[in-house]
Amino acid sequence: MTRAKSAISLMAGASLLAVSACTDPATVNPDDPNRKTKQGALLGGVFGAITGALASDDKAKGAIIGGAVGAAGGAAIGNALDKQEAELRRDLENERVGITNTGDRLIVTMPQDILFETDSSEVNPVLRSDLLTVADSLKTYPDTSVQVVGHTDNTGEASYNQALSQRRANAVADVLMSGGVSFGRIQTIGRGEDQPVASNLTPEGRAQNRRVEIVILPNAR
């Protein structure tokens with residue numbers, strides 16, 4: 001193994017250990033408003049370094065340049081997600097709406113029990129204001145794409161649940177577009193009962209599985 005390859009291997013190994021430490025719940029401060037920015041910079045640096053090394057004739061130099069570029073891009077994405085998350089938490093006044101920041105995307109989760117009547121795909125008028133708040137956020141951060149994903153529990157026929165989840169995802173997307181989000185940014189997906197987040201053996205678990213997720217994905221830079 002050449003010295004350049006050895007250096008890259010050592011750097012990758014050390015970086016992965018750093019990533020593990022940075023993302024370990026035991027070492028991460030959940031109250032740090034910039035935690036995702038820091039994680040984004042670290043992850044971007046790791047992958048940028050590896051990509052730069054593989055793409056460059058001068059492996060060591062490519063790793064350094066790639067790491068710097070990747071860290072800057074990862075930090076920018078993480079910072080934007082941190083800001084958007086904080087603003088959504090401030091502006092959404094419904095405590096049943098969940099917001100998850102994974103570091104590379106935001107997931108806004110709305111229980112279907114508050115969005116729709118049973119077997120209906122018509123959005124509850126009371127919830128339109130929350131969806132329009134999300135639409136305003138999407139317009140503030142235009143350099144993102146959006147997946148609207150419908151989920152159901154396992155009650156009833158799987159084929160019916162699949163179709164219902166798609167109709168509900170489409171209905172939520174329609175409200176976002178009515179709020180000014182462009183059609184080209186939105187993809188709707190019906191998952192039916194295929195991706196539960198809780199057990200379908202209890203009423204509480206089934207309620208958690210009935211949901212619509214608005215997944216906000218930063219575009220590649």
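Contact here means heavy atoms within 4.5 Å. The model is predicted: local features need pLDDT of at least 70, side-chain atom pairs count only at pLDDT 80 or more, and totals for chains, interfaces and linings use all residues. Residues are numbered from 1 along each chain as its sequence is written, and side-chain values use heavy atoms, with hydrogens and water left out.

**Whole chain**

The order of the elements from the N terminus is α-α-α-β-β-α-α-β-α-β-α-β. Colour by accessibility: 40% of the 221 residues count as buried, that is, under 20% relative accessible area, with exposed being over 50% and partly exposed in between (1.4 Å probe, protein chains only). Among contacts between residues at least 6 apart in sequence, 68% join residues at least 24 apart.

Select Ser120, in the loop between helix 4 (112–115) and helix 5. Its relative accessibility is 19%, so Ser120 counts as buried. Not counting residues up to four places away in sequence, Ser120 touches Leu164 and Arg168. The side chain of Ser120 also reaches the backbone nitrogen of Glu122 at 3.0 Å. This is a polar contact (a pair of N or O atoms within 3.5 Å; within protein, one must be able to donate a hydrogen and the other to accept it, and residues adjacent in sequence count only if both atoms are side-chain atoms).

Move to Asp119, which is in the loop between helix 4 and helix 5. Phi of Asp119 is near 65 degrees, a positive value in a residue other than glycine. Most residues other than glycine have a negative phi.

**Helix 5 against helix 6**

Show residues 125–140 (helix 5) and 158–178 (helix 6), which pack at an angle of about 60 degrees with their axes 8 Å apart. Axes are lines fitted to C-alpha atoms, for helices over the stretch in contact, and angles run from 0 to 180 degrees between N-to-C directions. Helix 5 and helix 6 are therefore oblique to each other; angles under 35 degrees count as roughly parallel, over 145 as roughly antiparallel, 65 to 115 as roughly perpendicular and the rest as oblique.

For the contact, select Arg128, Leu131, Leu132, Val134, Ala135 and Leu138 on helix 5, then Val172, Val175, Leu176 and Ser178 on helix 6. By class, these residues are eight nonpolar, one polar and one charged. Ala, Val, Leu, Ile, Met, Phe, Trp, Tyr, Cys and Pro count as nonpolar, Asp, Glu, Lys and Arg as charged, and the others, Gly among them, as polar.

Next on helix 6 is Ala171, buried at 13% relative accessibility. Leaving aside neighbours within four places in sequence, Ala171 is in contact with Phe116, Ser121 and Val123.

Return to helix 5 and select Ser137, buried at 8% relative accessibility. Beyond neighbours within four places in sequence, Ser137 is in contact with Gln84 and Leu88.

From Glu85, follow the 3.0 Å polar contact between its side chain and that of Asn101. Asn101 is in strand 1 (residues 98–101) and is buried, with a relative accessible area of 7%. A polar atom of the Asn101 side chain also lies 2.9 Å from the backbone nitrogen of Gly103.

Notes:
Helices (H or I, at least four residues) and strands (E, at least two) are DSSP runs, numbered from the N terminus.
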